[in-house]
Amino acid sequence: DPCFLADFHYGRKSAAAFARNERGDTFMMYCRSHPVLGYSMRDDRDEMEAEESKYSFIVQPVNRLLMNAARHGVRIVDGFLFSSMVPTAREQVNLVGAGLTRICIDQKDKARDDSALKAMQQLSQASIVTYTKPSEFTA
């Protein structure tokens, strides 16, 4: 149950999932949001937090999970993905592209922007993704 992380993330934007390799071994992956390679919060904070930029210099946690799973040749186990808050709209699109249909979200009312909440509403209403809170999680 990755939802046990609801008490672990300490308010940080993070995601966790169970993943499985080709042999069937299961293990857990955990990621927080992080600056893209070549940038650091210490040295580049002003540039990274500029609102007028179309692109973000922060790689979001669900995207980091998906990229790391692909890099290591493992698959995220559907239904066993946790996010501390609503993933961005792009992260949600990438979840669908990865074939995932269920996500457990600790703070379903907290998101980076309105687009994330709208994406969650649209994907939920279309029965493409099921969103649960830790208290509603069932394996």
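This is a predicted model: local features need pLDDT of at least 70, side-chain atom pairs count only at pLDDT 80 or more; totals for chains, interfaces and linings use all residues.
Which residues line the second largest pocket? Residues are numbered from 1 along each chain as its sequence is written, and side-chain values use heavy atoms, with hydrogens and water left out.

**View 1. Lining of the second largest pocket.** Here are His34, Pro35, Val36, Leu37, Tyr39, Val59, Arg64, Met67, Asn68 and Arg71. Strand 3 (34-35) and helix 2 (61-71) are the elements that each give two or more residues to this lining, and helix 2 gives the most, with four. By class, the lining holds six nonpolar, two polar and two charged residues (nonpolar: Ala, Val, Leu, Ile, Met, Phe, Trp, Tyr, Cys and Pro; charged: Asp, Glu, Lys and Arg; polar: the others, Gly among them).

**View 2. Helix 2 packed with helix 3.** The two axes, lines fitted to C-alpha atoms over the stretch in contact, lie 8 Å apart at an angle of about 30°. That makes helix 2 roughly parallel to helix 3 (angles under 35 degrees count as such). Pro61, Val62, Asn63 and Leu66 of helix 2 meet Arg90, Glu91, Asn94 and Leu95 of helix 3, where contact means heavy atoms within 4.5 Å. Four nonpolar, two polar and two charged residues make up this contact.

**View 3. Helix 3 beside helix 4.** The axes of helix 3 (residues 89-97) and helix 4 (residues 114-125) come within 8 Å and cross at roughly 30°. Helix 3 is therefore roughly parallel to helix 4. Look for Ala89, Gln92 and Val96 on helix 3, and for Ser115, Ala116, Ala119, Met120 and Leu123 on helix 4, which make the contact. These residues divide into six nonpolar, two polar and no charged.

How values were computed. On a 1 Å grid over the protein atoms alone, a cavity is a set of points where a 1.4 Å probe fits but cannot get out, and a pocket is an open set with protein on both sides within 12 Å along at least five of seven lines; lining residues have an atom within 4 Å of a point. Axes are lines fitted to C-alpha atoms, for helices over the stretch in contact, and angles run from 0 to 180 degrees between N-to-C directions. Angles under 35 degrees count as roughly parallel, over 145 as roughly antiparallel, 65 to 115 as roughly perpendicular and the rest as oblique.
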